[in-house]
Structures are given as structure tokens and as C-alpha cells.
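Reader: I'm new to this one. Can you walk me through how to read it, a feature at a time?

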2 protein chains.
Amino acid sequence: MGAAAARRLGRQTLSLESRPALVAVASAVGPMEGQGPLGRFFDVVEPDGLLGQASWERAEVKLLEEALDLACRKARLDKSELDVVIGGDLLNQLGAASFAARSHDRAFLGVFGACSTWTEGLALAGALADGGYVRRAGVVCSSHHDAAERQFRFPTEFAHQRPPTSTWTATGAAAAIVAAPDDAPASRSTPRLRYATLGRVVDVGEKNPYDLGSAMAPAAADTILAHLRDTGRRWSDYDLVVTGDLGRVGHPIAADLLSEAGISPDERFQDCGVLLYDPKQDVHAGGSGCACSAVTFAGYLYRGLAEGRWRRVLLVSTGALFSPTTYQQGESIPGIAHAVAVEREDEA
Amino acid sequence: MGAAAARRLGRQTLSLESRPALVAVASAVGPMEGQGPLGRFFDVVEPDGLLGQASWERAEVKLLEEALDLACRKARLDKSELDVVIGGDLLNQLGAASFAARSHDRAFLGVFGACSTWTEGLALAGALADGGYVRRAGVVCSSHHDAAERQFRFPTEFAHQRPPTSTWTATGAAAAIVAAPDDAPASRSTPRLRYATLGRVVDVGEKNPYDLGSAMAPAAADTILAHLRDTGRRWSDYDLVVTGDLGRVGHPIAADLLSEAGISPDERFQDCGVLLYDPKQDVHAGGSGCACSAVTFAGYLYRGLAEGRWRRVLLVSTGALFSPTTYQQGESIPGIAHAVAVEREDEA
């Protein structure tokens, strides 16, 4: 097809020529995220992580439903006007996104990239909207600290000590409405998806499930380098390059790897896991979980883009593709990172 | 985009106007699948379900790697010529597809729709190839009986009794190479993707994890009806309409639901879970698992299409979106089904 040459850039990047609009985003978080430095940017801060539910898992479903409902309200859309919802989370068999799908009754595509799920969803929604396959797609993503801890490590009640390299799985959910340009009630200041760079699995042999930042940092660097290579853009073309949840241990490793590749990551290189919590909140190396980059984007970064504080942001959500079964069987922890370039139309 | 009107059909169907080619498929299965009625159609029948590995999970990774390697060889492609691999499986956090991704070093998108994962992957690969975002995509999907049993129910060694409504998770993996028309060494007999109908989550309140056919049947009927509605096609336009893994309990329920909607499902209505095993193999209600529809398609249905035995097949893989956590917490089991219409070019 004639479009192919324009839409495929290099080996890993999808060029979203029509610039699908992020017409609305929404975030709902737990109490700890609300108390952090980004607290005032979130739409909903729940006072109790259980949200009145019988289990943490049901609370996570509820957070997801809240985020999608709110994003639709902001976009002045009924959920029935979405053509598809794309979503995922950390629970086994996508227990949050799948069950939340009962509430929207739209075509549903489950995706999983661990904590990179948010940008995987945005990338696919962007391609489906850009390609004319859907008018409006919802993207949802969540994690819940207590549900994740008991699934991946130990139940919270066990109160085991976490080493300093460990990160804190964020409690929260985010939703975005991605619309084809003709179907977007969007202005020139509406943040839009311009590129999506799909990540490769990079496994450097890290086996410590309490140091996921080190496991994911090489994948983050790999995807950022692929993005710059495929698009011909330079580091300085972005106001911010924000990794997902490398945290205070992983983020400097990614910076080192970029430096070795000839990039000079400056103060524009940030990390959602570092931004989300204050070090005084005792989260050790920072935030993590699918919600980490999702709510940081939906709360903080999107607003900065919409308000013109930044004009181009590369969001590089990062995922550690492991399970208790794999690490207990002695497997290493593969990392992955998917990137989306989000920018204002007046940047085009 | 001008293309939008043509590529979006109704509410749930993607119209793949360029008809991306399934240039090659491959299947690798365990011993029991090899002994079943479709045994001779599979490329590889492993004599031992462990494949010489230390665990069932590693055996599943190996099956996936074998299937992708073989599909690439059949397509005369090096794995490096794939732009993306899209895949998933039943293991927590996609433990098979994620770990197999270490072996191909390509951009990787994890997808999860339980046993509907195969058609979810084909649908997304089809859209990315049709839209010009990738030249060639690999789609991979797997399940392993023993790995699934111990994760979802009880370890095999426990030897618990399975009720008659239960199905048997298939051991196997399949891979497909989906190519944009300009990049396909394809002939007029090469099976092609024409439509993809994305399923909604349908939850009828079924709570029995030993009767997934009943939980998924309503979703299968819902997606088939959506497909016919969106495309304007009739039941008789297909030589076969094949559900994923409803089995001998769920498939008649889906047939009843279609009948109630005014469709008369005749002998063209089949089910991979019924086709894969002989009743004498003691699988109770039939086959299930991500591999069930994946290997039945890659082994049996694809060959029949390529040889002209059938010209149009609607494959409707079905998934039960549950986990032990959700059913132990008393949640019902949501079902989902994604459909792809596969046909020969001379059918266009």
C-alpha cells in the first residue's frame, strides 16, 4: 500500500501521520500517591486504598472504572461512543482491565507489557485511530500496591523488609481517549500522538525481583536510541524524555547507557518513578507498577503539555516481564520499554 | 483520514482492505495433540511434553520458539526481517511469549485475551500490516497443559478428578507470519486476512472454572453476530465458522444462541476444542487453551484453505478472562471472543 512508506519508520517506529488526539485523560490514585509531589495533578485521590471494596483486586477494578468514566466525561463522550478499549494491568490474566471491561461493554483488547502497558496501549490505539480502523479508543491501565505485593512477592500483612533497590508499586489507574483527527473535539493545544516506538525485549541477566530498575534500564535506553534512530530526531528535540519506573537505581543506569551511545541526557531526562513520590515517603528506590507512568502522564505530563509548559514529550514506559514462577525457577528478568512521542499540534 | 470510512465497519470490525497475507504458519504440539484426529496436520509433534526442559513453563517457551522459527523458515525469512512479534499465552504475565521474545530480538507486543489471544494477535498484526505500519509481523501463541493446570487449578501430580464439563488445556504453540501485500511472497491461494471483529466482554454470571465452555459461548455468539452485522455477510458466505475452545458443552450453547438470533448454524459451525481431540482421549468436554484454536488453525484450517478445500473461514477464538484469584474471590467468569475472516485472494 502506498501509505506504508510513510507510516513505517525504521525498524521499530510507527509514524502516526494524522496525529491522533489525546482528547482527554483521567487519573485516579490511592492515598499515598495523593500525598506525593504530584498529588494536586490527579483527578481523584481516594482516601482509602480499598475504596470500600472487599479486596484490593476489586479496588483496582474500581479505580480503572473511575478513570475511564471520568475520561469519557471530560471528552463529553458516552462510553458507548468508544469503538474499542485497550487495556492491561499487573494482575494475573489482566484481572483488573478484563473485569473493568464488564462495565463499558465495548470491544476490548487486553495488552500486557508489565509496567510498559500504558504506552503499549497508547501505541496501538494511536495506530488504530491513525489508520482509520477506529474513531475513538479508550486506553486504560492500572496497578494496586497491595494486590501486586501479594501476587508478586509477599502479602502486605507479612510485613517483610524491602531492600533499598526495591520500588513501590503505585496504586492508581489512568485512562486516555485517543481519537482520529476527524472525530476529535480538539484544539491546537490538545496533546497528540506523533510516533510510537515499540520496544524489544532486552535481558541482561538481572535476577533480583527487588531491583527491577536495573533490569529495565537497558530496555529503556534501547528504545530511546531506536526512537532517535528511526525518526531522525535529536535528544534536544524533546522538552522531556520520561522513563516509566526505573526509579533512583535504574534511571542513572539508563542515563549512563545513553551517554555511552553518544547522547548527553541532561535535566530533561526524568523518570515517573522518581517524580511520583517524595523520598520521605519511604518508597526506597521510587515508584513502579503499570499505574506509575500512566498516572504521572495522565495527571502531570498531559497537563504540562496542554498548558504549553512543554511542547514535546517522549514517554518511555518500562516493563519487567517476570512472574513469581519465572524468578523462582531461576530465570532472569527480561525488560521492555515502549515509547510514545506526545506533542501539541502547533509543534507540527 | 479518508481511509477511515473504508477501514471501520460497524462498531467492532476492522476492514483489512489490502488483505494482508498469512504467508506462513507453523505449529508444534505435545504428544497427546499429535495422537488426536488432527495429528498429521501439525509440523512438529513432540514425543515428550517436557521437551527435555527443567519445567513445563520452559517447555512452553521452547514450543513457541520452535513454532516461530519454523514459520520464518517456511516464509524464507530471517527472524530479523520481522518488524514486530505479537504474542501471548496463559501463563501469568505472559511467561511464555515474553521469554520467547528473548530469542527473536524484535519489537514485541504482549497481548492477552486468554484463549482468544491467537485471533487478537492476528487482528492486530493484520491492522498494522494493512495500515502500512509494519511489513511483516509474527504472531505467536501457546499453552501447556501441565503448566496451565498447576497455575489455574491443581498440579498434575495432585491427580484431582475433573468434572465432565471441564476441557483439556492443549499443549502446543503456533506462529503466523502476516505480511503487507507488497511484502508478501504470496500467491492467489495464500490465505489472507480480510476482516477482524473485536469482541466485547460478555459475562453471564457463570462461576464454575470447570465449565469454561458455558462461560465463553455467549461471547462467541455475540462476536459472530457482530461480525455478520458489521460486514453485511451472511452465514452462508463462510465455508466454516469455527469457534476456539467451547468444547462439547459450550458449542451447542453458542449454536442455540445463534439460532435464537435467527441464524441457522449448520454443519459448517465447528469448534477447535471438539476437533482437536478424539473423545476416546478422555479430555471430557474437549480441548481448550490458547494453543487450541492456534494450532488447529495453523495445522488444519490453514492447510484446508491453502489447498482450496475451503475458501472462506471465520475463526472465532474464545477466551475466559479469569484467574484463580478472581474465582476464589467469588467473581464470575467474563468471556470474550475475537474473530478473523481468513480467505483466499481468488475469493475477493
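Predicted model: local features only at pLDDT ≥ 70, side-chain atom pairs only at ≥ 80, totals over all residues.

Reader: Where does H145(B) lie?

Author: H145(B) belongs to helix α6 of chain B, which covers residues 145-152.

Reader: And what does the side chain of H145(B) reach?

Author: You look for a partner atom. Here the side chain of H145(B) gets to the backbone oxygen of T169(B), at 3.1 Å. Setting aside neighbours within four places in sequence, H145(B) touches W168(B), T169(B), A170(B) and T171(B).

Reader: Okay, helices next. At roughly what angle do α7(B) and α8(B) cross?

Author: For a helix pair, you check how close the axes come and how they are turned. In chain B, the axes of α7 (residues 212-231) and α8 (residues 247-260) come within 8 Å and cross at roughly 35°. The crossing is right-handed.

Reader: Which residues make the contact?

Author: From α7(B), they include G213(B), A217(B) and L225(B); from α8(B), they include G250(B), I253(B) and L258(B). Sorted by type, the contact residues are 10 nonpolar, 3 polar and no charged.

Reader: Last one: how is chain A related to chain B?

Author: A rotation of 180°, with 0.0 Å of shift along its axis, puts chain A on chain B with an RMSD of 0.0 Å. The two copies are therefore related as by a two-fold rotation axis. In chain A, the C-alpha nearest that axis belongs to V111(A), at 2.1 Å. Both copies use the same surface, with 100% of the contact residues of chain A recurring in chain B.

Technical notes:
Residues numbered from 1 in each chain as written. Chains lettered and ligands numbered in written order. Heavy atoms only, no water. Axes fitted to C-alpha atoms, helices over the stretch in contact; angles between N-to-C directions. Helix = DSSP H or I, 4+ residues; strand = E, 2+ residues; numbered from the N terminus. Left-handed = near helix turned anticlockwise from the far one by under 90°. Contact = heavy atoms within 4.5 Å. Nonpolar A, V, L, I, M, F, W, Y, C, P; charged D, E, K, R; others polar. Polar contact = N/O pair within 3.5 Å; in protein donor to acceptor, adjacent residues only side chain to side chain. Least-squares fit on C-alpha atoms with pLDDT ≥ 70 in both.
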